[in-house]
Amino acid sequence: MDSRELTLEELEKKKKKEERAKEKELKKLKAAQKAEAAKLQAQQASNASKSGKKKNVKREAEDENPEDYIDPETSVGEKKKLSRQMAKTFNPSAVEKSWYAWWEKSKFFEADPSSSKPPFVIVLPPPNVTGALHIGHALTAAIQDAIIRWRRMSGYNTLWVPGTDHAGIATQVVVEKKIMRERKLTRHDVGRESFVDEVWKWKNEYGGTILKQLRGLGASLDWSRECFTMDEKRSRAVTEAFVRLYKEGVIYRDLRLVNWDCILRTAISDIEVDYVEIKDRTPLRVPGYSNPVEFGVLTSFAYPLEGGLGEIVVATTRVETMLGDTAIAIHPEDPRYVHLHGKFAIHPFNGRRLPIVCDAVLVDMNFGTGCVKITPAHDPNDFEVGKRHNLDFINIFTDDGKINNNGGPEFVGMPRFEARVALTEALKEKALYRGDKNNEMRLGICSRTNDVVEPLIKPQWYVDCKSMAQQALDAVMDDTIRKMEIIPKQHVAEWKRWLENIRDWCVSRQLWWGHRIPAWYAKLEDDELTELGAYNNHWVVASNKEEAQKEASRIFAGKKFELSQDPDVLDTWFSAGLFPFSVLGWPDDTDDLKAFYPTSVLETGHDILFFWVARMVMLGMKLGGDVPFRKVYLHPMIRDAHGRKMSKSLGNVIDPLEVINGITLQGLHKRLEEGNLDPNELKTAKEGQVKDFPNGIPECGADALRFALVSYTAQSDKINLDIQRVVGYRQWCNKLWNAIRFAMSKLGDDYTPPTKIVPDVMPFGCKWILSVLNKAISNTVLSLESYEFSDAATAVYSWWQFQLCDVFIEVIKPYFASNDPDFAAARRHAQDTLWVCLDNGLRLLHPFMPFVTEELWQRLPSRKDSTRKESIVICEYPSPVECWTNDNVELEMDMVESVVKSLRSLRSTLAPKERHERRAAYVRCRLNDACYIIKSHELEITTLATLSSLEVLSESDDAPVGCKVDVVNETLSVFLKLQGNINVEAELQKLKKKMEEIEKQRDSLLKITSASGYQEKVPAHIREDNEAKLASLFQELLSFEEASEQLERASGNNRN
């Protein structure tokens, strides 16, 4: 519902832009394919010219056919046809092409209400029908799709319902502008019926663009259940809800203050009001006024007192509202005005007697003059004063913000802010003006029109929220009946604050596009007042006019009457509040409603916790009989990389489609130029783009964008989105691609995957990767279950990147380096383990990156004895296999990796030319167990550290000379052989620096353990941990000292 609205011109431009983008994408794909083919041909030519190359390599190159690397064309909806050979590099546009249409046609996303599987249901927060995909929608889609795909793969009957919101104000504004631009007519010129027809035409032609874009993100929505808040079924639900609530006394009509937009001529909701903080006198542009209007000014003026008692001075930031003043309030205990109790002031422009009322609630006698002008029809605080003292409520504005007849002949017809100036001059002429001064204030601005919001008294329909709010509060707060959980928990306090201080909800809107209020006014033949709504007890609420006629005939039996339907429509949030159960068929008792309500989780932004989430819960419990969802997950708001709110004027708005497809800096500039920024804003925005995107945004693809957005969710209530992080995940996709290419080359065409894996008989590296895979699966599932999506993404990423690619694939390479019969068994085990890892790893990653995982999984060979699932979409999600877990193997690999890390660290200090040379290395062990482990894994260490040889030394062995040295931990030191003489002084300095770091840790821990009361206050298990850490630090220091002494001795021996 919260999205940017597009004008018709923008939509047409967007349509053309998308068509151009598609053409460009096809050209880019063809160009990439040609480049790939050319590259292959060049390689062939190069290989052919190098006669010294091995004959088999030359033959392979000559046999390569560039066409083998290009995906054949796939008809829309058919399963994607893959190239015979995998492309050398990952290309997101090529990979993400065709899969979605096949998934949709195959009905993988459709839910079955008769299924025996447990249901898991999400309703997509319906985006505005006028909207375009923005980064907030992309975050919502990425998170929700990850949940749905994971649950689908975990055996649930998943339903993710798509829909769009009719967006009353937003859509009406777009179509009004279209009619004015094309025909120079207002909606009033066209008439209500014709205007609504125009909106429906526009909706059918341009609406729903965003749902098409969601397909491009890979959102696995059940499109068979797509709905629209104003379609026939949802409209019937809205009418039924209104009628039921009215009959129960929950909906009523009353005369109250509303937020009024004078351009739209309608009441607007609180969420559509933006507040501008004004520090002092500030001129602002207001729609409809040629000159800027001054705000942040407090004007003082005097009211003459009746009976010649002098004057009373008041102050206001809205001078024009004095035309509607009906009293002046003072504090009952203010000694300055005791003599005015019960007296009157006289209005200087209309002669109205203004009673001086005593009100301790409103008046602060120490602020200003201690006197407050009261305009009950145009100020929320004054409204309450008016009710307390039974004052007159006089509205002085027309619906379009001009002074009406109540304002007096001198000012009638003036726009309100012109009247402000005229009144100030008139007060000066009457010698009642007492000056003005700067005043800090908050100014309400309509987010749709930028008009200044006017508090206006209007008869409207209201929902009594008190009882429903208490139920919604208890559903979250009451431990004995808790029905719903809010995640993260930090938002529970806001839930409590909102619902404990709830006000009744104004659901009337003076628009033409929306759900017409099902209320009819009965104008009786003998009514004195003939205006629509003049008598509040003449309203009849019913499902249709026929029922209203019957009800009116019963109420006004024997009287003649004429029925007229209320011209107002319902607040868009009313139909949105019914969405979780109206999409399932309510008010009918449908199979979907029985199977899928309540839904499982609502995922949305925390900014609409009250405006939408609370209302859904209230209406769901009232009308649906239960909370509409069991959990509410509130995602953070997205900012730019610098933490700034995204704004067109800053040039930092990120369009997800531009991240997916890529865009040049010139393209970014062009988007700004097509907007409506003024020249200064345009200049600032372009400078911002140059700074943040100097080379534009490279093509990242949907998978990389999704993964980045999900990874960011750990950032409290704001996400500072850095495009470079998305680019990083795009590059990571290439790593996945290469891992599969490596696997395919090692598995071979005739490889058959195993039916069973027995880790006990496998090489060390295979045992280890299966054990850490088990841990990654457990951590991912646990994180998903607890809605820690960033942790889940990290668990998957870390396993793929740091364990599978960086370690396992490297340690098994020696098995494939030759046909050594000694490695035959290890080679087969490595193949099987590699296949198992890739199969599980791709399924583990699929909810986050659906496109690349589908493409790669389809390339994996399948078991011959089982029927393979058609798609990874409907495969089982990985679950831990008990026999794969091996803590001892993991501990041994930790030691291996520590040794490798130290050796790589030593290698990195070599001269650039020497860093890639294989060298001899030594590991010196203090403990026999460590010696045994290191000796057992010489092959892994030699491979990972790129060594020519590795020798394991015991503590009694002499340290090798001519080596760089590093201490791994308290039991291990490593030595890397150098060519030529070693710089002893430099090496000693490095060791000294590391020793100082260890000494700091030791001293800090000693300070803690020797503190007063440590033994009594600190739990035994923590004291034991600290003692073990201290022993380890002392031992590590000893190792560093020994290493230093050995270096010095070796240096002395060399000198002798």
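Biologist: Is Asp 832 buried or exposed, and how is that read?

Modeller: Buried means under 20% relative accessible area, exposed over 50%, and partly exposed in between, with a 1.4 Å probe and protein chains only. Asp 832 has 9% relative accessibility and so counts as buried. This is a predicted model, where local features need pLDDT of at least 70, side-chain atom pairs count only at pLDDT 80 or more, and totals for chains, interfaces and linings use all residues. Residues are numbered from 1 along each chain as its sequence is written, and side-chain values use heavy atoms, with hydrogens and water left out.

Biologist: Where is Asp 832 found, and which residues is Asp 832 in contact with, leaving aside its neighbours within four places in sequence?

Modeller: Helices (H or I, at least four residues) and strands (E, at least two) are DSSP runs, numbered from the N terminus. Asp 832 belongs to helix 28, residues 824-845. Contact means heavy atoms within 4.5 Å. With neighbours within four places in sequence left aside, Asp 832 is in contact with Tyr 751, Pro 754 and Ile 757.

Biologist: Why does Val 726 count as buried?

Modeller: Val 726 counts as buried because its relative accessibility is 0%. Val 726 lies in helix 24, residues 723-747. Beyond its neighbours within four places in sequence, Val 726 is in contact with Val 659, Cys 700, Ala 704, Leu 705, Ala 708 and Leu 721.

Biologist: How are two packed helices described?

Modeller: By the angle between their axes and the distance between the axes. Axes are lines fitted to C-alpha atoms, for helices over the stretch in contact, and angles run from 0 to 180 degrees between N-to-C directions. Here the axes of helix 14 (residues 492-500) and helix 19 (residues 609-624) come within 11 Å and cross at roughly 75°. Angles under 35 degrees count as roughly parallel, over 145 as roughly antiparallel, 65 to 115 as roughly perpendicular and the rest as oblique. Helix 14 and helix 19 are therefore roughly perpendicular to each other.

Biologist: Which residues meet between helix 14 and helix 19?

Modeller: From helix 14, Glu 494, Trp 495, Trp 498 and Leu 499 meet Leu 609, Phe 610, Phe 611, Val 613, Ala 614 and Val 617 of helix 19.

Biologist: Which residues of helix 9 are buried, and what follows helix 9?

Modeller: In helix 9, residues 209-216, the buried residues include Thr 209, Ile 210, Leu 211, Gln 213 and Leu 214. Gly 218, with a positive phi near 90°, follows helix 9.

Biologist: How many helices and strands does the protein have?

Modeller: The protein has 35 helices and 33 strands. Of its 1056 residues, 53% count as buried.
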